[in-house]
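Have the sequence and the 3D view open as you read.

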Amino acid sequence: MSLEKTLVILKPSAIQRGLVGEVTRRFERKGLRIAGMKMMQLTDELLNKHYAHLADKPFFQRVKNSMMASPVIVCCYEGVDAVQVVRNMTGSTNGRMAVPGTIRGDFSVSGQENIIHTSDSHDNAIEEINRFFKPEELFDYKQSVLPFLYNNDEYL
């Protein structure tokens, strides 16, 4: 297996509630490597592309307004099966339904103000990473801890 990249957006609800360090800590402690991270203010144009699949939904504008309420932190994490690992750690979209121990289960009681966006598939992760990061904003570096996270045939 090889290492996979995935996109995580720490939403305005995470920024405003001071949860950035806690959420980032969870991913790092799990063993995911930060390949890129930056703070940015999302725009209507960017959100129209990112949430195009929701454009015909009655809550589309509400979602965009929520995502533009403050800056966000956009992250690219890397690891074996990173998309699925991050999704499992994140929990159900609706924080009221998310299992305790997941990020949303521990920090969210809303379906919209739910702390975090994560890529839902390998293909979408690639598309989303390219939407939010320039190639020079992503870093490939060796972590000395890699042999202690995976068996060597898991990441070669």
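Which residues of helix α7 (residues 122-132) are buried? They are Ala125, Glu128, Ile129 and Phe132. Looking down the axis of α7, these buried residues fall within an arc of 100 degrees, so they line one face of the helix; the arc is that of the directions from the helix axis to the C-beta atoms. Buried here means under 20% relative accessible area and exposed over 50% (1.4 Å probe, protein chains only). Helices (H or I, at least four residues) and strands (E, at least two) are DSSP runs, numbered from the N terminus.

A note on the source: this is a predicted model, where local features need pLDDT of at least 70, side-chain atom pairs count only at pLDDT 80 or more, and totals for chains, interfaces and linings use all residues. Residues are numbered from 1 along each chain as its sequence is written, and side-chain values use heavy atoms, with hydrogens and water left out.

| Element | Residues |
|---|---|
| β1 | 3-10 |
| β2 | 33-40 |
| α3 | 44-50 |
| β3 | 72-80 |
| α5 | 82-90 |
| β4 | 116-118 |

Strand β2 also holds Arg33, which is buried, with a relative accessible area of 4%. Leaving out residues up to four places away in sequence, Arg33 touches Cys76, Tyr77, Glu78, Phe139, Asp140, Tyr141 and Gln143.

Key
Contact means heavy atoms within 4.5 Å.
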